[in-house]
Amino acid sequence: MRFTQTLSKTTFLAFLFMAIVIVACKDDKDEPDPVVDTNPIVGTWQVTAITPETAGTTIPALSLVTTFAPCLMNLKLTFKADNTIATADCPEAVSAIGPYVPVGNDSKWKVDGDKLTLSNSSSAQQFKFTQTATNLTIIVNTNTDATKPPVNALLVFKRI
C-alpha cells in the first residue's frame with residue numbers, strides 16, 4: 001500500500017513537473033519594434049500660403065477654400081515617425097482641402113524621392129514636393145475636370 005501511495009505521489013509530481021515545463025517553455029518571441037521613419041519631413045508644419053503654381057493663373061477653388069476655412073493659415077500637419085498624419089487648429093481646412101489632399105487623422109504618408117504619397121481609408125494621391133529644413137512645398141493638381149490641362153496650386157508650409 002505504501003508502495004502504491006509513493007508511486008501515485010511520484011506519478012502526480014512527475015505530471016505536475018511536466019505541465020510546468022511545458023507551460024514555462026512557451027514561445028517567448030518579442031514583438032518587433034515598430035518601424036520608425038527618419039525622413040526629414042517628420043515634424044509639425046503650418047500652412048503659410050496657397051498660391052497658383054503659375055503666376056497669373058486663377059484657381060476658383062482657392063477662393064472657396066479660404067471662404068469655407070478662414071482659419072486656413074492656422075492649419076498644422078504633423079508627419080509622425082510611424083507614417084501617420086495628425087491635423088490641428090483648423091478642421092474646416094481639412095474638410096475643404098480633402099478633395100485635393102487626403103489629410104486627416106486617419107491619413108498616412110510615404111516619401112519616395114521627390115514624391116509624397118498621402119492616403120486615407122478611401123483614397124491615395126501622389127504629389128511632387130520640395131523641402132528644406134524649414135520649408136515644405138507640395139504641388140497639388142486642383143483640376144477636377146480630366147479633359148482640361150492640370151491647374152496646380154502650391155501648398156507652402158513652414159516647420160514649427
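This is a predicted model: local features need pLDDT of at least 70, side-chain atom pairs count only at pLDDT 80 or more; totals for chains, interfaces and linings use all residues.
Let me start with one residue. Serine 107 is buried, at 1% relative accessible area. Buried means under 20%, exposed over 50%, partly exposed in between, with a 1.4 Å probe and protein chains only.

Residues are numbered from 1 along each chain as its sequence is written, and side-chain values use heavy atoms, without hydrogens or water.

Back to serine 107. Where is it? It sits in the loop between helix 3 and strand 4, residues 108-112. Helices (H or I, at least four residues) and strands (E, at least two) are DSSP runs, numbered from the N terminus.

What does serine 107 touch, beyond its neighbours within four places in sequence? The list is Asn83, Thr84, Ile85, Pro102, Ser119 and Asn120. Contact here means heavy atoms within 4.5 Å. The side chain of serine 107 also reaches the backbone oxygen of proline 102, at 3.1 Å.

Now the whole chain. The protein chain has three helices and eight strands. From the N terminus on, the order is α-β-α-β-β-α-β-β-β-β-β. Of the 160 residues, 32% are buried. Take contacts between residues at least 6 apart in sequence: 49% of them join residues at least 24 apart.

Two strands pair if DSSP finds at least two bridges between them.

Strand 2 (residues 76-79) and strand 3 (residues 85-88) are antiparallel, with four bridges between them. Threonine 78 stands opposite alanine 86 of strand 3. Five residues lie between the two strands of this hairpin, and asparagine 83 takes a positive phi near 65°. Recall that Asn83 is also among the contacts of serine 107.

On to strand 1, residues 43-52. Strand 1 runs antiparallel to strand 2, and four bridges join them. Threonine 44 has threonine 78 as its bridge partner in strand 2.

Strand 4 runs antiparallel to strand 5 (residues 115-119), with five bridges. Lysine 108 is bridged to serine 119 in strand 5. Serine 119 is also one of the residues that serine 107 touches. Two residues lie between these strands in the hairpin, and glycine 113 has a positive phi near 70°.

Look at the faces of strand 4. In a regular strand the side chains alternate between the two faces of the sheet. Here Trp109 and Val111 point to one face and are buried.

One more pair. Strand 6 (residues 124-131) and strand 7 (residues 135-141) run antiparallel, joined by three bridges. Phenylalanine 129 has isoleucine 138 as its bridge partner in strand 7.

That brings us to the core. A nonpolar core is a set of buried Ala, Val, Leu, Ile, Met, Phe, Trp, Tyr and Cys residues joined through side-chain atoms within 4.5 Å. The largest one has 35 residues. Which of them have the most contacts inside it? Phe79, Val101, Leu116, Leu118 and Ile138. Helix 3, residues 91-97, gives the largest share, four residues. Isoleucine 138 touches Leu116, Phe127, Lys128, Phe129, Ala153, Leu154, Leu155 and Phe157, leaving aside neighbours within four places.

Aspartate 89 is in the loop between strand 3 and helix 3. Aspartate 89 is partly exposed, at 47% relative accessible area. It touches Cys71, Asn74 and Lys76, not counting residues up to four places away. With Lys76 there is a side-chain to side-chain polar contact at 2.5 Å. That means N or O atoms within 3.5 Å, one able to donate a hydrogen and the other to accept it; residues adjacent in sequence count only if both atoms are side-chain atoms. Leucine 75 is 14 residues away from aspartate 89 in sequence, and 5.4 Å away C-alpha to C-alpha.

Last, threonine 67, in helix 2, residues 60-68. Buried or exposed? Threonine 67 counts as exposed, because its relative accessibility is 58%. Its C-alpha lies 9.5 Å from that of alanine 96, 29 residues apart along the chain.
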